[in-house]
Amino acid sequence: MNPADLQQLIDVTYITAAIGFILAIKWLSSPVSAMRGVLIGEIASAIAVTATLFNPEVTEYKWIIITLIIGAGVGVPLGLVKMTAVPQRTALSHAFGALSAALIGIAEYYVAAPSVPKFEMAEIGLEVIIGSLTFTGSIIAAGKLQEWLPQRPITYKGQNYVSLTVLATALILMIALVVHPEYTHLFPAMIAVALIFGIMLVTPIGGADMPTVISLLNSYAGFSAALLGFVLSNKVLIVAGALDGASGFILSVIMCKAMNRSFTNVLFGAFGQVQAKAAGAKEERVVKSASPEDAAAILAAANKVVIVPGYGMAVAQAQHKVRELYDILTKKGIDVRFGIHPVAGRMPGHMNVLLAEADIPYDRLMEMDAINGDLPQTDVALVIGANDVTNPAARSDQSSPIYGMPIIDVDKARTVMVIKRSMAAGFAGIDNPLYYLDNTLMLFGDAKKFVSEIVQQLSGSGH
Amino acid sequence: MPADFISSLFVFILAAFLGIELIKRVSPLLHTPLMSLTNALDAIVLVAAIIIAGRHETRLSTILGLIAVAASFSNMVGGFVITDRMLGMFKTGKAAKKS
């Protein structure tokens with residue numbers, strides 16, 4: 001086959017791949033067809049990659065095969081991590097995606113430098129800046145999620161101005177390169193500044209804001225791939241990058257709405273500081289606590305139970321014990337459902353995956369809006385490791401930093417039980433009036449241990 | 001402005017609009033698998049990495065290309081593996097009882 005025909009054939013496989021990608025996402029609309037979506041995505045990628053190996057420009061295979069094997073060697077273990085480690089794995093994969101896009105852009109630049117046409121230079125510059133900042137930003141996010149770095153926001157005075165100045169510097173360097181392509185030494189400087197900006201962008205953001213940040217980084221990683229497609233005129237990269245970018249963007253919008261906050265507020269808001277002040281002045285109020293025996297008796301007497309899980313459930317690895325609780329209550333004929341807040345956990349959909357892993361049927365996992373209407377008719381709402389997403393101050397207290405945030409209305413249930421380690425304020429440092437309500441019982445202890453004690457009580461008294 | 005740019009922009013805008021419409025319909029239940037799947041699809045930059053690495057233009061471009069091959073292929077493999085695993089866990093009431 002002559003090279004021109006071969007190139008056309010490769011292009012056809014790229015179009016096929018693009019169609020496959022679109023179908024893959026379309027079929028993800030429901031858990032029933034989702035598996036088919038993954039399969040078509042796999043086939044589409046395999047076709048495009050195989051065809052590319054026959055590209056006449058590719059002359060050396062040895063190292064490509066070696067690096068493919070290394071890639072698989074890294075990728076497979078990263079695909080087999082525990083479900084609780086999925087947020088950090090995802091952040092790491094954003095980093096890898098952005099890294100590859102940035103490196104290819106850098107390679108393209110040095111092949112063409114110093115005579116890079118202005119328009120291409122702008123494309124490459126933008127692509128490399130976004131790729132680089134997404135790379136370091138995602139590494140920081142992964143480090144926070146893995147708890148190698150402190151999860152609390154790290155802030156200092158004038159931080160936003162410093163960060164924005166750094167970003168502006170990267171853009172100015174890019175513009176300088178467009179105007180004077182011969183100043184090639186500016187290129188590494190631009191990369192360095194973009195890498196630093198990525199670190200500065202994510203360092204001040206606290207763990208509770210991770211679902212938004214991880215979605216934003218997803219979006220950036222997608223757009224850097226799409227921009228690379230512009231640089232190389234490769235349409236399949238543009239399609240894949242646009243889909244990934246759109247996905248990250250929509251998820252970030254959903255996460256922001258679920259916290260009643262704007263993008264700017266998440267990125268430049270320094271959430272923790274405001275709340276530290278708000279939590280300052282509070283009088284001693286009484287809470288009622290209960291033992292596992294009491295909790296088991298109340299659950300056994302209920303008809304309808306809603307369990308509201310949060311990040312604390314993931315930290316305590318309590319999801320399998322929660323499943324046992326679900327099983328035993330269901331066997332007693334009690335209707336048990338789960339109310340899942342969009343920002344519960346550390347990434348979009350985190351709780352659903354953990355509960356699905358524990359074999360809880362997905363038709364029991366309800367979205368916030370779907371469960372809220374039912375809470376007034378619910379006998380027991382059991383909150384496990386969630387705090388701010390159940391805080392009624394978000395509805396009523398205008399001075400609260402989370403005022404206006406949609407919450408799961410657990411306080412409307414007849415009895416609320418909250419499993420919590422201690423009375424310490426939640427992640428965001430806000431006091432939760434839920435704990436002082438008349439119908440609230442605090443269950444102090446480790447989530448996993450407490451749930452298993454309830455299960456023991458229930459199975460003991462079941463006969 | 002290169003002629004390519006307009007056709008690229010055309011493709012980008014269509015794909016982005018299509019993406020927004022499709023992704024809005026993805027159930028919040030599957031937002032985590034959505035992210036890992038789009039990550040795996042995005043790893044198609046591997047095709048560009050292979051070309052850069054295989055072209056052997058300069059030593060630097062080859063090395064950078066090879067690193068990109070490893071990084072993007074690990075995303076592709078890892079992304080599909082974990083998406084597959086996660087989706088396998090989502091079962092309805094009946095299916096969960098059988099297993």
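User: In this predicted model, what makes strand S1 and strand S2 of chain A a pair?

Analyst: Four bridges join strand S1 (residues 304-309) to strand S2 (residues 335-340) of chain A. A pair needs at least two bridges. Four bridges meet that cut-off, so S1 and S2 of chain A count as paired. The two strands run parallel.

User: Which residue in S2(A) is the bridge partner of A:Val306?

Analyst: The partner is A:Arg337.

User: What is the strand order of the sheet in chain A?

Analyst: The order is S3-S2-S1-S4-S5-S6, six strands in an open sheet with parallel pairing. From one strand to the next, the twist averages 25°.

User: Why do strand S3 and strand S6 of chain A stand at the edges?

Analyst: Strand S3 (365-367) and strand S6 (440-444) of chain A each have a single partner strand, so one side of each has no neighbour in the sheet.

User: Why is A:Pro114 called partly exposed?

Analyst: A:Pro114 has 13 other C-beta atoms within 10 Å. Buried takes 20 or more, and exposed takes 12 or fewer. The value 13 lies in between, so A:Pro114 is partly exposed. A:Pro114 sits in the loop between helix H4 (86-112) and helix H5 (118-145) of chain A.

User: Which residues does A:Pro114 contact, leaving aside its neighbours within four places in sequence?

Analyst: They are A:Pro181, A:Glu182 and A:Thr184. A:Glu182 is 68 residues from A:Pro114 in sequence, yet their C-alpha atoms are 5.2 Å apart in space.

User: How do you know that domain 1 and domain 2 of chain A touch?

Analyst: The domain assignment gives domain 1 (91-273) and domain 2 (292-461) of chain A. Their centres, taken over C-alpha atoms, are 36 Å apart. The contact takes 15 residues from domain 1 and 14 residues from domain 2 of chain A. Helices H8 (210-232), H9 (235-258) and H11 (271-278) of chain A each supply at least two residues on the domain 1 side. By class, that side has eleven nonpolar, four polar and no charged residues.

User: Which residues touch the most other members of the largest nonpolar core?

Analyst: Of its 196 residues, these are A:Phe21, A:Leu237, B:Ile44, B:Val45, B:Leu46 and B:Val69. Helix H4 (residues 59-89) of chain B gives the largest share of this core, 16 residues. The core also draws at least three residues from each of domain 1 and domain 2 of chain A.

User: What does B:Val45 touch, not counting residues up to four places away in sequence?

Analyst: B:Val45 touches A:Ser100, A:Ala101, A:Ile104, A:Ala225, A:Leu228, A:Leu237 and B:Ser72.

Key:
Residues are numbered from 1 along each chain as its sequence is written. Chains are lettered from A and ligands numbered from 1 in the order in which they are written. This is a predicted model: local features need pLDDT of at least 70, side-chain atom pairs count only at pLDDT 80 or more; totals for chains, interfaces and linings use all residues. A nonpolar core is a set of buried Ala, Val, Leu, Ile, Met, Phe, Trp, Tyr and Cys residues joined through C-beta atoms within 7 Å. Domain bounds come from an automatic or database domain assignment. Two residues are in contact if their C-beta atoms, placed from the backbone, lie within 7 Å. Ala, Val, Leu, Ile, Met, Phe, Trp, Tyr, Cys and Pro count as nonpolar, Asp, Glu, Lys and Arg as charged, and the others, Gly among them, as polar. Axes are lines fitted to C-alpha atoms, for helices over the stretch in contact, and angles run from 0 to 180 degrees between N-to-C directions.
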